[in-house]
Amino acid sequence: MRMLFELKNQGDDAAFHKLTEGLRSNSVLLRHEVAYVLGQMQHRRAIPLLTRILNDESEDCIVRHEAAEALAAIGDEEANEVLRSHADSTSPEVSDTCRLALDTLSWKHRSREQTGGGGRGDSGSSVNGETQKK
């Protein structure tokens, strides 16, 4: 698991591609952690991957939950549609996280408007309120 965070800190395209290889693992824990790290990296290029994970109902609910949280951590409004589509999921892990993620994205959007910022408006917090390392 340490390697995941080393790749996160590396942050380049090679690290991104190595991380995404972990999404093919048989380990639910590893796939969950990869989704978490992708959110922490805040690269928009992770959005399609995370969206695919969230849409995959055969994926473990905890991995889907982490994909939703990662989408909120990235902070791009592009994720709104997929998060809305799963806000009423039969999996409470997924639906609760999607609703919280939508609230987070809405808050980030309002923050950007108030400050006139063009960035992601990242507060450094994840959906569940944990402080993220940068």
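Predicted model: local features only at pLDDT ≥ 70, side-chain atom pairs only at ≥ 80, totals over all residues.

Biologist: What elements does the protein chain have, and by which rule?

Modeller: The protein chain has 7 helices and 0 strands. Helices (H or I, at least four residues) and strands (E, at least two) are DSSP runs, numbered from the N terminus.

Biologist: What describes two packed helices?

Modeller: The angle between their axes and the distance between the axes describe them. For helix H4 (residues 47–55) and helix H5 (residues 61–74), the axes come within 8 Å and cross at roughly 145°. Axes are lines fitted to C-alpha atoms, for helices over the stretch in contact, and angles run from 0 to 180 degrees between N-to-C directions.

Biologist: Which residues of H4 and H5 make the contact?

Modeller: On H4 they include Leu 50 and Leu 54, and on H5 they include Ala 67 and Leu 71; contact means heavy atoms within 4.5 Å. The residues of this contact divide into 10 nonpolar, 1 polar and 1 charged. Here Ala, Val, Leu, Ile, Met, Phe, Trp, Tyr, Cys and Pro count as nonpolar, Asp, Glu, Lys and Arg as charged, and the others, Gly among them, as polar.

Biologist: Why is the pair of Phe 5 and Tyr 36 called edge-to-face?

Modeller: Rings of Phe, Tyr and Trp (its six-membered ring) pair if their centres lie within 6.5 Å; planes under 30 degrees apart count as stacked, over 60 as edge-to-face and the rest as tilted. The centres of Phe 5 and Tyr 36 are 6.4 Å apart and the planes stand at 65°, so the pair is edge-to-face. Because Phe 5 lies in helix H1 (residues 2–10) and Tyr 36 in helix H3 (residues 28–41), the pair ties together parts that are 31 residues apart in sequence.

Biologist: Why is Glu 59 called buried?

Modeller: Buried means under 20% relative accessible area, exposed over 50%, partly exposed in between (1.4 Å probe, protein chains only). Glu 59 has a relative accessible area of 15%, so Glu 59 is buried. By contrast, Phe 5 has 32% and is therefore partly exposed.

Biologist: Where does Glu 59 lie, and with which residues is Glu 59 in contact?

Modeller: Glu 59 lies in the loop between H4 and H5. Leaving aside neighbours within four places in sequence, Glu 59 is in contact with Arg 31, Ile 53 and Arg 64.

Terms used:
Residues numbered from 1 in each chain as written. Heavy atoms only, no water.
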